[in-house]
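Subject: Structure handover

Hi,

Here is the structure for you to look over. Please open it next to this email and check each residue as you read.

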Amino acid sequence: MGWPYHFVSLDEGQQARRRQLLDGYGQFAQLSILLLPLIYQLGLGVRLLMGRLQRRNVYQAVKEHQSPVASGFKQPAIGGTGNVWAKLRWALDEPVAEGWGTRKEWLAVGLWGAWLLLLVVKDTGDDYLHITRRFGIIAASQLPLHYMLALKSWSPIHYLTRLSHESLNPYHRLLGRLIITLMACHASLYLNFYVQNGLLLKRIKDWDVILGLMAISSALLIGTTALARVRDWNYRLFFYAHVVLSVTLLPVLFLHVSHLRVYILEAAAIYAVLILQRNVDQSSAQATIKTLPGTNLLSITIPLSKSLVKRTYKPGMHIYLGFPSLPQKLRINPFSIANPDPHEDKNIHLVARALGGTTAMLADLATKPQPTPLLIEGPYGSASYFPDLANYDRVLFVAGGVGATFTLPIYRDLLRRSAAGEQIPVAKFIWTVRSGSDAAWGIRQLSEQCEGSLPTECEVFVTGKGGNGRGEAAGAESIELQEREGLLSGSASKEGAADAIRRGKPDLRVIIDEVFSHDGSDRAAVLVCGPRGMGASVRREVGRWVWRGRDVFWHSEEFGW
Ligand SMILES: Cc1cc2nc3c(=O)[nH]c(=O)nc-3n(C[C@H](O)[C@H](O)[C@H](O)COP(=O)(O)OP(=O)(O)OC[C@H]3O[C@@H](n4cnc5c(N)ncnc54)[C@H](O)[C@@H]3O)c2cc1C
């Protein structure tokens, strides 16, 4: 089968028909976006129904399994019958490769790409210029959706899908790659046409071609600087390139050809909303920054100002913290809110590890007179769409280092609800820190809340110096050492808190088996925040139980992209 497209010459009528088809398919590609929330809602409906039907059977199936804790652990029956929907969801949520997003995200954008490709090819006959232009107009028709996926709040997509900006961000990135691919096909086919017909030297001086080349160069630069390797190497380069180029791309495309203008105006309007919402979501505050003794952690306390007090905070949300004046104004990093209820405390509390960039500047400010003027944006986060954890049979929190700023407020919220007489599930809290001092702020919060003694289901593992790797209770003889490390400083009762301290690494397999082998715990929630490797290990262990039929709500909070 040969190459189906040829350079054909068309009469006026045929050209008008081609124009009609180009515009029509562009509009159709855009309108078909409306199907996406509909399909999503249908998916949610099916999931709800299947979940209800299967939950009835799962309880019995789980009870029939041996308890691995009571009788020595046996490998789970991978692929056995059980909650098919939970298994499917788990399989789709698996990462494609480290830092490459999940199968679900690739599948969704892959299917969308196939649909767009169909719209690129349909009714183009053998007309080379038709398919060349179709690539361009279909790419442009997706720009408004792409910009909308970048909205942090006030987005119709958030309401329709009940997904936060953070959960939608991978789709923004993958759709961006799809659009760049379509644009690159459009540009390459056009350049080939000019070369084959000896038009390149003449056309390269024309404004529409110059602007087209500028647009594809900007798009390729946006795509390259957004690659994980570049982002990890120099986050600011990615950030500035993204902001500057995504703004300049719009007028360049607007002037490139008139047929794209409707899409460009739509994208520009969404971009304006994005800027407006960031301004509305931002406010200045007078923060107090302190270095926590014996650590490179910063404790940042932000009193709730008039505008911050109006906002809704849920445990597990984060805010962006930046500097109010130029040139640092463009530096703005996310930090989890480390206290469960800023309204009750009348302040937002953050704990940040001082590293190289923004956090090094914050550490420098900690040495200066307080309070410090800072810029706050948010709160944002997937936590605003979490299910009520009280509806699960067991909840497991696993945190590594400063990752407890995400898990601890959610755990403390459950403890608070339990103390208020609410029926809440058994919640296990595992926290691994390198040195005891790193955990002191959290131990203090917990022991204050629990009147001196930490809950029995709470364990803090100190993996750094002095650990013997066995994860046993610290015991009275080592309390002195912990005090030196600052671990228990400020705890209401040092003895009570010391019971929760372990030395060495936690055995995640044993902990997870204990959680899941508990009778009746057919629905569990697992929330993780820590280094990538930790999240992957917990997921592997929890996965064994999903394949045995457990229904698990899983969330791994990533402190990065
Ligand atoms: C949702 C979330 C919550 C976080 N909570 C905490 C916390 O409670 N305590 C803590 O110490 N750290 C937290 N972080 C990490 C923190 O934002 C910084 O990445 C980290 O402190 C690096 O500091 P730096 O001074 O080296 O950063 P810089 O050099 O200034 O920035 C580099 C890194 O910051 C991150 N980053 C910056 N801006 C953004 C952004 N707009 N979106 C996503 N990532 C960005 C990127 O990972 C990037 O690699 C969180 C990150 C995220 C995404």
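Below are the findings, starting with the chain as a whole and moving on to single residues.

First, the ground rules. This is a predicted model, where local features need pLDDT of at least 70, side-chain atom pairs count only at pLDDT 80 or more, and totals for chains, interfaces and linings use all residues. Residues are numbered from 1 along each chain as its sequence is written, and side-chain values use heavy atoms, with hydrogens and water left out.

**The chain overall**

The chain has 23 helices and twelve strands. These are DSSP runs numbered from the N terminus: helices are H or I with at least four residues, strands are E with at least two. Of its 561 residues, 50% count as buried. Buried means under 20% relative accessible area, exposed means over 50%, and partly exposed is in between (1.4 Å probe, protein chains only). The accessible surface of the chain is about 27000 Å², and 60% of that belongs to carbon and sulfur atoms. Areas come from the Shrake-Rupley method with a 1.4 Å probe; for residues, only the protein chains shown count as cover. Take the contacts in the chain with a separation of 6 or more: residues 24 or more positions apart account for 76% of them. Contact means heavy atoms within 4.5 Å.

**Aromatic pairs**

The whole structure holds 23 aromatic pairs. Rings of Phe, Tyr and Trp (its six-membered ring) pair if their centres lie within 6.5 Å; planes under 30 degrees apart are stacked, over 60 edge-to-face, and the rest tilted.

One of them is Tyr-392 with Phe-553: the centres are 6.2 Å apart and the planes are at 45 degrees, so this pair is tilted. It links distant parts of the chain, 161 residues apart. Tyr-392 is in the loop between β6 (372-380) and β7 (394-400), and Phe-553 is in strand β12 (residues 551-557). Both Tyr-392 and Phe-553 are buried.

Trp-431 and Trp-441 make an edge-to-face pair, at 5.5 Å centre to centre and 70 degrees between the planes. Trp-431 is in strand β8 (residues 426-433) and Trp-441 in helix α19 (residues 436-449), ten residues apart. Both Trp-431 and Trp-441 are buried.

There is also an aromatic cluster, formed by Phe-7, Tyr-128, Tyr-190, Phe-193 and Tyr-194.

**Charges over rings**

Tyr-392 comes up again here. The charged end of Arg-523 sits over the ring of Tyr-392, 4.5 Å from its centre. The charged end of Arg-231 sits over the ring of Phe-238, 5.9 Å from its centre. The test is NZ of Lys or CZ of Arg within 6 Å of the ring centre and within 35 degrees of the ring normal.

**A helix pair**

Two packed helices are described by the angle between their axes and the distance between the axes. For α22 (residues 508-517) and α23 (residues 532-546), the angle is about 35 degrees and the axes are 10 Å apart. Axes are lines fitted to C-alpha atoms, for helices over the stretch in contact, and angles run from 0 to 180 degrees between N-to-C directions. The residues in contact include Leu-508, Ile-512 and Phe-516 of α22, and Val-538, Val-542 and Trp-545 of α23.

**Backbone points**

A cis peptide bond joins Gln-370 and Pro-371, with omega about 0 degrees. Pro-371 is in the loop between α17 (358-366) and β6. The bond from Gly-378 to Pro-379 is cis, with omega near 10 degrees. Pro-379 lies in strand β6.

Asp-123 has a positive phi, near 60 degrees, and is not a glycine. Asp-123 lies in the loop between α5 (103-121) and α6 (128-141). Arg-162 has a positive phi near 55 degrees. Arg-162 lies in the loop between α8 (156-161) and α9 (165-196), and counts as exposed at 51% relative accessibility.

**Trp-100**

Where is Trp-100 found? Trp-100 is in the loop between α4 (84-92) and α5. Its relative accessible area is 48%, so Trp-100 is partly exposed. Not counting residues up to four places away in sequence, Trp-100 touches Trp-106 and Arg-177.

Best wishes
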